[in-house]
There are 2 protein chains.
Amino acid sequence: MSTVVHKYGGTSMGSIEKIKSVARKLISEKEKGNDVVVVVSAMGKTTNKLVELTKEISNNPDKREFDMLLSIGEQISISLLAIAIKSYGYDAISFTGYQAGIKTKGMHTKSNIVDIDIDKIRKNLGQGKIVIIAGFQGVNENGDITTLGRGGSDTTAVALAAKLGCDCTIYTDVEGIYPVDPKLYPNAKKLDYIGYKEMIEMSKLGAGVMETTSVEIGYKNNVSIYVASSSKDTKGTYITEKQNCGDNKSIFGIAINDNTSIFTIKNVLLKSNDMSLISGILSDENLSIKVINQISSKGDYTDFSLVISKGDLGCIDEAINKIKSKLAHIDISKDLDVTTISVVGGGINNNNIIANILEILKNNDIKFKKIITSELSISFIVDINDKAKIIELLGNEFNL
Amino acid sequence: MSTVVHKYGGTSMGSIEKIKSVARKLISEKEKGNDVVVVVSAMGKTTNKLVELTKEISNNPDKREFDMLLSIGEQISISLLAIAIKSYGYDAISFTGYQAGIKTKGMHTKSNIVDIDIDKIRKNLGQGKIVIIAGFQGVNENGDITTLGRGGSDTTAVALAAKLGCDCTIYTDVEGIYPVDPKLYPNAKKLDYIGYKEMIEMSKLGAGVMETTSVEIGYKNNVSIYVASSSKDTKGTYITEKQNCGDNKSIFGIAINDNTSIFTIKNVLLKSNDMSLISGILSDENLSIKVINQISSKGDYTDFSLVISKGDLGCIDEAINKIKSKLAHIDISKDLDVTTISVVGGGINNNNIIANILEILKNNDIKFKKIITSELSISFIVDINDKAKIIELLGNEFNL
């Protein structure tokens, strides 16, 4: 008998029928003789609906209260799943984040798990119950409900597996990890394995299946993470120490991040506090600066270009209006029709590969707006209209 | 400066606009220099929607898990209200039942408040915050979320006022307490005052404005409860020790309870455990027996008539099917087209008043199916089609 942690996401919990189906899968896992812990997300679009509701009151809601609100989504899921399992005659119990002893630190809406008091979980497993935990949430040192940010339920699942010393299976609406999103590149070949580091880099750059934090926790605690379809009985992908497929090809994926925009800000007075005021306003509006480039300079005035990504509540127009009203001498414009395409791989930053990609873009008459490089990736910010073409070209070139 | 406890119900919190309006009212109360505690219910039909969702899984959901589910309704309300108050530039903080230290005992879905640890509330009031508490919920000795049953948010508000030693105002969608529901008897005259005992009797018999438990807590702790409209600026009704309007008229109201049905069960074998089996099934289906009458007897077999009321999840047909399948010799029929009309007053059970009412019914050719009396009331179970006529006749007769 071993302990397993399974996680079902919002799509897999999207309707009563789907919740019943998850209940039956967990029962069959229990019937195999395993101690079953399951982490679930909010049903389908619940969280988005709550975000929309909040926007009717404020574009910048108090974050403690926003966490209080968002956490109800998972609470609905856990109770309905427990009711379903019990209606089939099996024992189950649901716990919110605080009931499960999930202790967090840090800012509201993006807190980090610092510890999990697993006594209650162990005790209930010992009583033969399927233990259902609300993903995405915890409680901080003040007793306030916190949330873990995007992908938070995966984080809960992997952290629980780390603490319980067992493997973690993430059931999701895709069949595993692909080097490129198969919705964007239908030829993409599913991976059997991917290394933690590679997965982390892919996640950071926008590959949607797993968020960075959960994979990092898996990496640190050596938790084997298996990503598989919640609806199909196909082979998924293991995220482990192993390299993907055993071969050593340097380029292993393409990540796309549409949550990209470019601000051009002209006439910034360098000697003033213009830039700190601007970055303060952007942060208040939940916009985060990814890159700042100085593009030209004239006397005391300088022009900047900023790559910005926005969170759930980010409001670009609001930010621009605030900046304009506080700094009348500034000229500010936005470009939202852009995306970031990142090529990820080991040793990618040798000139051959960059040159190779630039050659491909040039031959196909595609212009880039910016290039950003890191140890494991090269990111191109390009016109959104060129996205599909670039993905196809690079997918074919690197045989992904 | 004094502390006040206000309570806003589901209708008053039914939309974002209404929540903003409640926020402004609380701010104006705060501006008067008061320490403001507010208890809120779930928005509009949230709870009903959750009940419907659960029915898709089970008609008899696990009650711990059902509480876990139902409690989210208030959690949405408190967080949105806090976000609204803070967006107006005032300080506020929301607490769930367990965060507010509301400790309960008893069965899930109808727990009782046994204590409230008000230190956290006092501390936050001391910091100038409007303190927002989720009504209807608490936490039991196992750390499980509990709910308080129908009217639970009123119970939370009155219990808080008792503990804080202050008055309680219940803002609702009616303008106060009436001797008869004005929707059913438009001539009904709003009361300025009603005594605790009279209000408790009216509530028990189905008068919808206040539930029994909250008034009982007010009575025990001498909390003055003021019931008023959340939308209109009209005078409401005080529930206190005082008798209504100072006059001593013995009949002070009519309560109507449509949640009434009559079962006729024939051929019950008295020497067997037939009756305990039947009452067990009714209880499993959330149906509660109000009255049992033996109506005839033949050898070892007896016929009974049961007055039944059903809770949120009560399922009459389910119960009948179960009884039939377990006790094939029993003949069972239901009559759902009935209602209970109760005349409430001090010293009501003298023969003059009963005779008076019977005379009125007879003169108007109205038949009753059952009469049940108590110290403060006489209840008639009648055909639902006679309801309006009876209310009009009795309302006029007793000048309500």
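A: A residue is called buried here if 20 or more other C-beta atoms lie within 10 Å of its own, and exposed if 12 or fewer do. The model is a predicted one. In α2(B), the residues B:T47, B:L50 and B:T54 are buried. They span an arc of only 60 degrees around the axis, and therefore sit on the same side of α2(B). The cover over the buried residues of α2(B) comes from both chains: it includes α4 of chain A, along with α3 and α4 of chain B.

That leads to the contact between the chains as a whole. On the chain B side 27 residues take part, and they touch 27 residues of chain A. Four elements of chain B give two or more residues each to this side, namely α1 (16-31), α2 (46-55), α3 and α4 (72-87). Of these, α4(B) gives the most, with 11 residues. Sorted by class, the side of chain B that touches chain A holds 14 nonpolar, 8 polar and 5 charged residues.

The contact of α4(A) with α4(B) is made up of 4 nonpolar and 2 polar residues, with no charged ones.

The second pair is α4 of chain A (residues 72-87) with α3 of chain B (residues 63-70), which pack at an angle of about 160 degrees with their axes 8 Å apart. An angle over 145 degrees counts as roughly antiparallel, so α4(A) and α3(B) are roughly antiparallel to each other. Their crossing is left-handed. On the α4(A) side the contact involves A:Q75, A:I76, A:I78, A:S79, A:L80, A:A82 and A:I83, and these meet B:E65, B:F66, B:M68 and B:L69 of α3(B). By class, the residues in the contact of α4(A) with α3(B) are 8 nonpolar, 2 polar and 1 charged.

For comparison, here are two buried places described within chain B. Helix α8 of chain B (residues 212-221) has B:T213, B:S214, B:V215, B:I217 and B:G218 as its buried residues. Their cover includes α6 (152-164), α7 (196-204), β11 (225-229) and β12 (237-240) of chain B. After α8(B) comes B:N222, with a positive phi near 55 degrees.

The other place is B:G97, in the loop between β3 (92-95) and β4 (102-105) of chain B. B:G97 counts as buried because it has 28 C-beta neighbours inside 10 Å. Leaving out residues up to four places away in sequence, B:G97 touches B:I102, B:A134, B:Q137, B:G138 and B:V139. Of these, B:G138 is 41 residues away along the chain, and its C-alpha atom is 4.3 Å from that of B:G97.

How values were computed: Residues numbered from 1 in each chain as written. Chains lettered and ligands numbered in written order. Predicted model: local features only at pLDDT ≥ 70, side-chain atom pairs only at ≥ 80, totals over all residues. Axes fitted to C-alpha atoms, helices over the stretch in contact; angles between N-to-C directions. Parallel < 35°, antiparallel > 145°, perpendicular 65-115°, else oblique. Left-handed = near helix turned anticlockwise from the far one by under 90°. Contact = placed C-beta atoms within 7 Å. Nonpolar A, V, L, I, M, F, W, Y, C, P; charged D, E, K, R; others polar. Arc of directions from axis to C-beta.
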